[in-house]
Amino acid sequence: MSDIFACEFAGREISIKTNYMAGQADGACLVRYGDTVVLVTVVSTKTGREGLDFLPLTVDYQELTYAAGKIPGGFFKREGRPNEREILTSRMIDRSIRPLIPKGYFFETQIIASLFSVDADNDPAVAAMIGTSAALCISDVPFKGPVVGVRLGKVDGRLIVNPSQDELEKSEMDLFISGRKGTLQADGTYTVDLVMVEGEAKEVGEEEIVEAIGFALEAMRPVIELQENVRAAVGKPKRPVTEVEIAPDLIQAIEDLAVQGIQSAYRTARKQERQAMLREVRDRVLEKVTSENLGSLFAANQVLDGLERRVMREMIIKEGRRIDGRTEKEIRPITAEVGILPRAHGSALFNRGETQALVTLTLGTAGDEQRLDFVLGEEMRSFMLHYNFPPYCVGEAKPLRSPGRREIGHGNLARRALLPILPDKEKFPYTIRLVSDILSSNGSSSMATVCGGTLALMDGGVPIRDQVAGIAMGLLKEGDRVVVLSDILGDEDHAGDMDFKVCGTEKGVTAMQMDIKIDGITSDILRQALAQAREGRLFILEKLKSTLPEPRKDISAYAPRITTVKVKPEKIRDVIGAGGKNIRQIISETGVTIDVEDDGTVTIASNDAKAAARAVEMVKWLTEDAEVGRIYRGTVKKVVDFGAIVEILPGTEGLVHISQLDRNRVRKVTDIVREGDEILVKVLEIDKQGKIRLSRKEALGENVP
């Protein structure tokens, strides 16, 4: 018999139903929020793989098109590879729950969130996050939840939890925030701790961000309590997490053998040299452990991992010295070049420390827009940003694969950061594609993509409103001691307690992403991190401005020149012609690319200015209305006793009376014109019914092209 639990969440009811579907999963919950329905299942293997020292967790969020009453496109007419939204939602859920499954739990675990029904007012990502947490809570998988996810918007100065699609379109920010039940207070209440943040904003101030996150965390309380009730009613006993027992003698032996070498490695600034030294220390210690039978290799590796993390943290917290000798707020050396690729429409090479990004710009026409088919509808995207992370950028030799979830996530973050500064399509009617190839990586490669992307846009002559820079912040927290690090290295990210990426202009934040590995991140710590990120961001923006102060005045000579012509929507059929005849003729005669939109915007693109001008004239000729007093080159369509019917524009005909055919008296119409002849005529009159009176006599001696 099924059990159903419900509460009010952001003014609407949310329900969790258990013992209803997927009975053979370790945990399964059906979440309904309005007409949005998501089934989330959790399955964890009962036997672990030998030698495994990490959690093999996979999270898959899938949108089934029948959820919106649609049939999938394509030949096969069924769901295929995950789209971008599915991948990004899967990543958000993964990043929210992974830190809450205890270390030492090494059983393969799979979470599948399936969207069964969807409406435009209730975000399926919110339902999927809550369903994931609830399914984990009632399963036997150890989990330090519950977790709640909310989407936060701000419209007309008012914060809105879980806004509708219409509200999001008007919102100053779009943040997805997840939080969990925190520590119990003396008065019996509990805190709600931040776990993950991702989103974009329209140059919003740092204090507004802090306020928004606090508002979202408070809104989570009813659903935290709802999940607690679900767990208490139907939750299974949790599996014990077997911690590897490590003998004190082994810990001491490894410390004696490794500490000095690890300390020396962490005083080496260059990544490859540092990693080589750490490998040498690890190999030497493991060989000693094996030869003298001091303990298992698994236990020795666990001790070495913890020792490396401890040595680095102590060096920063106690000595105030980072790996490369920088202070807490210091940014690595920055250099940048633009225009390094002659045929790209724009290019920039951005270096920050050992992280290097090559970002290239390509400009296209409306026909190059990306078409994205989501469950709630189709999206045409005129700005794309693609992020590539080849293996050589970290000194590895691996097969090249198609972009993975990490590449898609980093590209999405950088795209959202740059989106608010792009010009309106009416002002700059190009499709824009940026590609970031990470050539060398030692932390903050996504933020290097943002900086390089800004420079590439300016180098390509895109009239952006402002410049955007990005910086990755880190955190070390030991008791009451808190150290916020600016522009973190990869090792600092690995050993730290937070990875906080912040992008923005001088005015405010445009995008952010935060992952937290510990409890107790207070609003004061968040405020400090944002303030320090702003300080670093302004420093980087000055570096960008010194490289290229403003966008170039013109686009590349190799980019298509785009001209737009506005025609009346009812004239679109005249541009296209029967079966596309007219538009094919224009393309054939001029070689241009033409796109026609439903609102009557005709976009003409060509690298040849004369060809583009000729195409514009042809479009205008096809769509213009006749004007009294103007002379046209027309074609005689029909000859009658009293005159000739002449087509002066496509679909526009008028009568040349026999008296208007020539200056002398005309006895017979065919003495002057025959069907198919091209003649010059002047418009004498257009009456109220739209009938046009023409004159060949008045046009004699005149000339038109």
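In which kind of crossing does H4 pass H12? Residues are numbered from 1 along each chain as its sequence is written. In this predicted model, local features need pLDDT of at least 70, side-chain atom pairs count only at pLDDT 80 or more, and totals for chains, interfaces and linings use all residues, while side-chain values use heavy atoms, without hydrogens and water.

**Stop 1: the helix pair**

Select residues 206-219, helix H4, and residues 523-547, helix H12. Helices (H or I, at least four residues) and strands (E, at least two) are DSSP runs, numbered from the N terminus. The two helices pack at about 150 degrees, with axes 10 Å apart. Axes are lines fitted to C-alpha atoms, for helices over the stretch in contact, and angles run from 0 to 180 degrees between N-to-C directions. H4 and H12 are therefore roughly antiparallel (angles over 145 degrees). The crossing is right-handed: the near helix is turned clockwise from the far one by less than a right angle.

Now show side chains. On H4, pick Glu 206, Glu 207, Ile 209, Val 210 and Ile 213. On H12, pick Ser 523, Leu 526, Arg 527, Leu 530, Arg 534 and Arg 537. These make the contact (heavy atoms within 4.5 Å). By class, the contact has five nonpolar, one polar and five charged residues.

**Stop 2**

Switch to cartoon. Follow the open sheet of eight strands in the order S8-S7-S9-S10-S21-S20-S18-S19, with antiparallel pairing. Strands pair if DSSP finds at least two bridges between them. S8 (158-161) and S19 (481-486) stand at the edges with a single partner strand each, so one side of each has no neighbour in the sheet. The twist averages 25 degrees from one strand to the next.

Zoom in on S20 (498-504) and S21 (509-516). Seven bridges join these antiparallel strands. Select Lys 501; its bridge partner in S21 is Gln 513.

Bring the helices back. H12 packs on the sheet, touching S18 (469-478), S19, S20 and S21, and its direction makes about 145 degrees with that of S18. H4 lies across S7 (147-155), S8, S9 (173-184), S10 (190-204) and S21, at about 55 degrees to S9.

**Stop 3: Gly 48**

Select Gly 48, in the loop between S4 (36-44) and S5 (57-63). Gly 48 is partly exposed, at 46% relative accessible area (partly exposed lies between buried, under 20%, and exposed, over 50%; 1.4 Å probe, protein chains only). Beyond its neighbours within four places in sequence, Gly 48 contacts Phe 106 and Phe 107. Finally, draw a C-alpha distance to Val 483: 38 Å, across 435 residues of chain.

Key. Angles under 35 degrees count as roughly parallel, over 145 as roughly antiparallel, 65 to 115 as roughly perpendicular and the rest as oblique. Ala, Val, Leu, Ile, Met, Phe, Trp, Tyr, Cys and Pro count as nonpolar, Asp, Glu, Lys and Arg as charged, and the others, Gly among them, as polar.
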